[in-house]
Amino acid sequence: MRKLFGTDGIRGKAYEYPLDKKTVYNLGRVIAKILKKESKFLIGMDTRESSPSLASYLFSGLKSLNFEPVFLGVISTPALSWITKNFEDCEISVMISASHNPFIDNGLKFFSKEGTKLSEEKEDLIERMLLEENEEIIDYPLPEPNDEIKKDYKNWIISLFSKNFLKGSKIILDTANGSLSGFAQEVFKEYGAEVFSVGADPDGRNINEEVGSLYPQKAISKLKETGADLAICFDGDGDRVLFILPPDKILDGDDILYILALNLKKKGILKDAIVATSMSNLGLEVALKEKNIVLYRTQVGDKYVYEELKKKDLILGGEQSGHIILRNFSNTGDGLLIALYVLSILKEKKFKFKMFKKYPQKLVNIPVKEKIPLKEIPKYPDFLKDLEKIIGNGRYVIRYSGTENLLRAMFEAEKSEIIEMAEKKLMEFLKNNFK
């Protein structure tokens with residue numbers, strides 16, 4: 001059996017291994033066997049058309065061993081994480097989602113009692129036990145979603161900021177036709193905002209389709225059309241967020257980290273350090289250093305950011321993609337929470353904030369048929385030596401995607417021409433060494 005768990009749970013094409021009916025059903029049986037009898041198990045999902053089926057397979061597997069899961073229906077990933085941490089006797093939960101990916105993909109993201117990703121030891125245990133499962137499938141119907149439990153998260157979010165603190169503000173919300181559709185709009189209206197919606201009509205197939213944090217153009221058009229104060233874009237499961245200031249200035253995860261870092265330092269609770277990944281712009285590191293704030297880097301993946309935050313006992317970390325963790329509030333990235341927190345800062349400054357200067361940076365995604373370990377390619381070391389000569393005092397990151405068949409490269413330098421040369425060198429290397 002191939003390894004199931006990647007950097008973000010189990011991912012793949014819906015209904016194909018490892019998201020076929022038999023595997024997901026047997027996963028449910030394995031979970032039932034490792035949970036204590038008095039434990040609760042929560043199932044949440046996004047708006048993909050395959051999510052209810054996958055939820056049913058998992059539910060049936062648990063139910064076949066007389067374990068009664070709690071089905072929450074459509075919910076954001078961070079909301080499920082928060083509920084898992086705060087729900088009595090909940091030992092593990094699962095979010096059925098492929099985050100920012102298209103609707104044909106899906107995944108199973110498991111959370112521990114702390115609202116964090118499962119440990120690698122627990123993942124390995126699940127994989128080993130799965131090898132022993134081969135029972136005949138018994139189908140059980142999904143119950144109606146338990147909406148009462150979801151209200152606890154909404155009440156918590158609404159308790160965090162001053163009542164009507166967004167009164168008089170006009171805000172575009174792009175919810176990517178995903179988990180936050182309708183829900184985010186309700187929360188913002190509770191705070192007094194006038195809301196204009198984009199990507200708030202999920203049909204099972206349009207999640208992340210030319211909307212959301214990866215495709216901000218519709219939100220930009222709506223911002224220009226309405227004259228709103230700003231736009232906010234989430235991804236399909238609500239753990240990423242980015243901002244757009246008029247007319248079309250995009251604030252990504254690096255910008256959000258900078259805004260939050262300065263605010264938290266002013267409040268005296270930052271400990272003068274944050275965590276980002278290898279993909280964050282060098283300009284962020286330089287700007288924070290000028291404010292006497294250290295930036296620690298990890299490999300790409302929010303679980304690595306969280307591990308470093310916990311290890312160094314810090315409260316702020318995140319990724320350039322807009323996945324930001326405020327550990328004094330939550331143990332995972334929460335797009336809605338971060339959106340409201342940043343808004344509370346920007347509104348005080350009348351939506352104007354002096355940002356840091358970014359180094360030219362380019363991200364390149366190259367489809368690959370097979371993820372051949374780069375170190376096993378004979379000419380890879382020579383290629384890196386040539387690349388380092390080109391990039392000089394800039395930076396580069398070359399890695400495979402943890403969730404897709406893609407080789408990802410990031411180039412960063414003082415001048416755009418240097419980046420172009422580095423990209424050309426990479427494409428030559430791939431042409432000569434990949435079929």
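Select alanine 176 to begin: at 0% relative accessibility it counts as buried, where buried means under 20% relative accessible area, exposed over 50% and partly exposed in between, computed with a 1.4 Å probe on protein chains only. Phi of alanine 176 is near 60°, a positive value in a residue other than glycine, and alanine 176 lies in the loop between strand S6 (170–174) and H6. Helices (H or I, at least four residues) and strands (E, at least two) are DSSP runs, numbered from the N terminus.

Before moving on, keep in mind that this is a predicted model, in which local features need pLDDT of at least 70 and side-chain atom pairs count only at pLDDT 80 or more, while totals for chains, interfaces and linings use all residues. Residues are numbered from 1 along each chain as its sequence is written, and side-chain values use heavy atoms, with hydrogens and water left out.

Next, select asparagine 66, which has a positive phi of about 60° although it is not a glycine.

Two cis peptide bonds can be visited in turn. One joins tyrosine 17 and proline 18, with omega about 5°, and proline 18 lies in the loop between strand S1 (10–13) and helix H1 (21–34). Another joins proline 246 and proline 247, with omega about -5°; proline 247 is placed in the loop between strand S9 (241–245) and strand S10 (249–251).

Now select helix H5 (residues 147–159), whose 13 residues should span 18 Å at 1.5 Å a residue, in agreement with the 19 Å between its end C-alpha atoms; the expected span is 1.5 Å times one less than the number of residues. Within H5, Ile149, Lys150, Tyr153, Lys154, Trp156 and Ile157 are buried. These residues cover an arc of only 160° around the axis, which puts them on the same side of H5, the arc being that of the directions from the helix axis to the C-beta atoms. On the other side of H5, Glu148, Asn155 and Ser159 are exposed. The cover over the buried residues of H5 includes strand S3 (70–74), helix H3 (77–86), helix H6 (183–190) and H11.

Select leucine 336 and show its contacts (heavy atoms within 4.5 Å): leaving aside neighbours within four places in sequence, they include Tyr153, Ile157, Phe188 and Gly238.

Finish at asparagine 101, in the loop between strand S4 (90–96) and strand S5 (105–112), which is buried with a relative accessible area of 3%. Not counting residues up to four places away in sequence, asparagine 101 touches Arg11, Arg48, Ile207, Asn208 and Glu404.
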